[in-house]
Amino acid sequence: DLAAGRAANGAFAQAVRRFEQRQFNARIYGVPKTQPDLRIYMTDMAGTVLFDSEADNIGRDFAHWNDVRRTLKGEYGARATRAEADNPVSSVMYVAAPIGQAQSLHGVLSVGKSSASFEPFVARSRTQLLELGGMLVAAALTLALALSWWMSRDLRRLSQYARDVSVGRRVSVPRYRRGELATLSGALEKMREELEGKAHVEKFAQLLTHELKSPLSSIRGAAELLNEDMHVGDRARFIGNIRNESERMQSIVERILNLAVIEHRQRLQDVVSIDLHQLVAELIGARG
């Protein structure tokens, strides 16, 4: 059509007009589309518009536009131009191609599409991103709250354990497999054992002192009397008292040591099965 001089009313121009009159109802990525939104024009080798889907531009010189000028030079021709200088949404993007027959170049065909036609897709994508971002923020907050609750629960368990130990209760330390809480739990248990050991030593020393006062007084009194002249029978009796009190002291020390070992023991070393029925029967018999 361009070579034959029928650019304005040839078969191509009629096909473009029919294309512009089409009405349809399509959805592209969720965005409704009801009519074409392309701009199409042709120029000759001088850049003069011979056909334009916007008829007002026919006869104008488009040689200065990059899509026409670069295509006529054999380069890739494209441009983006605002239909309204102060409105960035009115920008129209053009891409051009040469029109030729055999080895002869006759002009340029350029197709444009307004950026406004992309706005629904941009708005839909923005909405989807905001929804997705909101979901991610909600998920992050939920995860943070769950993690905070889990950590506070474990910290409450450790705090309760510390309070129980401070009032002298025999409780088991909370156990954790790994991490800082496991380290903290182990440190609290070790500290409890150290404190209990110190208190145990003090209690043991007080008990031992109390129990040994009486035999020591007897031994000291007998020893003082032995320094005096006395009957052989009395001397033998006092010597026997010293021997008996010494044995009593040894027995006290051994029993207190055994008691100290039992009280300081954290767990059973030897586990033995017992017959509860027999034990209960023995207790009932002893009470009867």
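**Labels and the values behind them**

User: What makes glutamate 75 and arginine 70 a salt bridge?

Analyst: This is a predicted model. In it, the side chains of glutamate 75 and arginine 70 meet at 3.5 Å, N to O. The cut-off is within 4 Å, so the pair counts as a salt bridge.

User: Why is glutamate 75 called partly exposed?

Analyst: Its relative accessibility is 40%. Buried means under 20% and exposed means over 50%, so a value in between is partly exposed. Arginine 70, at 31%, also counts as partly exposed.

User: What makes arginine 39 and aspartate 52 a salt bridge, and what does the pair tie together?

Analyst: The N to O distance is 2.6 Å. The limit is 4 Å, so the label holds. Arginine 39 lies in strand 3 and aspartate 52 in strand 4, so the bridge ties together parts 13 residues apart in sequence.

User: How do you know whether arginine 39 is buried or exposed?

Analyst: Arginine 39 has 13% relative accessibility, so it counts as buried. The cut-off for that is under 20%. Aspartate 52 is at 3%, so it counts as buried too.

User: Which residue forms a salt bridge with arginine 79?

Analyst: Aspartate 67 does, with the closest N and O atoms 2.8 Å apart. Arginine 79 lies in strand 5 (residues 77-82) and aspartate 67 in helix 2, so the bridge ties together parts 12 residues apart in sequence. Both arginine 79 and aspartate 67 are buried.

User: Why is the pair of tyrosine 41 and phenylalanine 62 called edge-to-face?

Analyst: The ring centres are 5.1 Å apart and the planes stand at 85 degrees.

User: What makes phenylalanine 62 and tryptophan 65 a pair?

Analyst: Their ring centres lie 6.5 Å apart, and the cut-off is within 6.5 Å. Their planes are at 90 degrees, so this pair is edge-to-face. Phenylalanine 62 has 7% relative accessibility and counts as buried. Tryptophan 65, at 27%, counts as partly exposed.

User: Which residues do ring pairs link into a cluster?

Analyst: The cluster holds Tyr41, Phe62, Trp65 and Tyr94. The whole structure has four aromatic pairs.

User: Which residues make up the largest nonpolar core?

Analyst: There are eight: Tyr41, Val49, Phe62, Val68, Val92, Tyr94, Ala96 and Val108. Strand 6 (residues 91-101) gives the largest share, three residues. Apart from this core lies another, of seven residues, among them Ala7, Ala13, Ile40 and Phe51.

User: Which residues form a nonpolar patch on the surface?

Analyst: Val272, Ile274, Leu276, Leu279 and Leu283 form that patch. Together they have about 520 Å² of accessible area.

Technical notes. Residues are numbered from 1 along each chain as its sequence is written. This is a predicted model: local features need pLDDT of at least 70, side-chain atom pairs count only at pLDDT 80 or more; totals for chains, interfaces and linings use all residues. Side-chain values use heavy atoms; hydrogens and water are left out. A nonpolar core is a set of buried Ala, Val, Leu, Ile, Met, Phe, Trp, Tyr and Cys residues joined through side-chain atoms within 4.5 Å. Buried means under 20% relative accessible area, exposed over 50%, partly exposed in between (1.4 Å probe, protein chains only). Helices (H or I, at least four residues) and strands (E, at least two) are DSSP runs, numbered from the N terminus. Patches are made of residues with over 30% relative accessible area and no salt bridge: like charges are joined within 9 Å, nonpolar side chains (Val, Leu, Ile, Met, Phe, Trp, Tyr) within 5 Å. Accessible areas come from the Shrake-Rupley method with a 1.4 Å probe; for residues, only the protein chains shown count as cover. Rings of Phe, Tyr and Trp (its six-membered ring) pair if their centres lie within 6.5 Å; planes under 30 degrees apart count as stacked, over 60 as edge-to-face and the rest as tilted.
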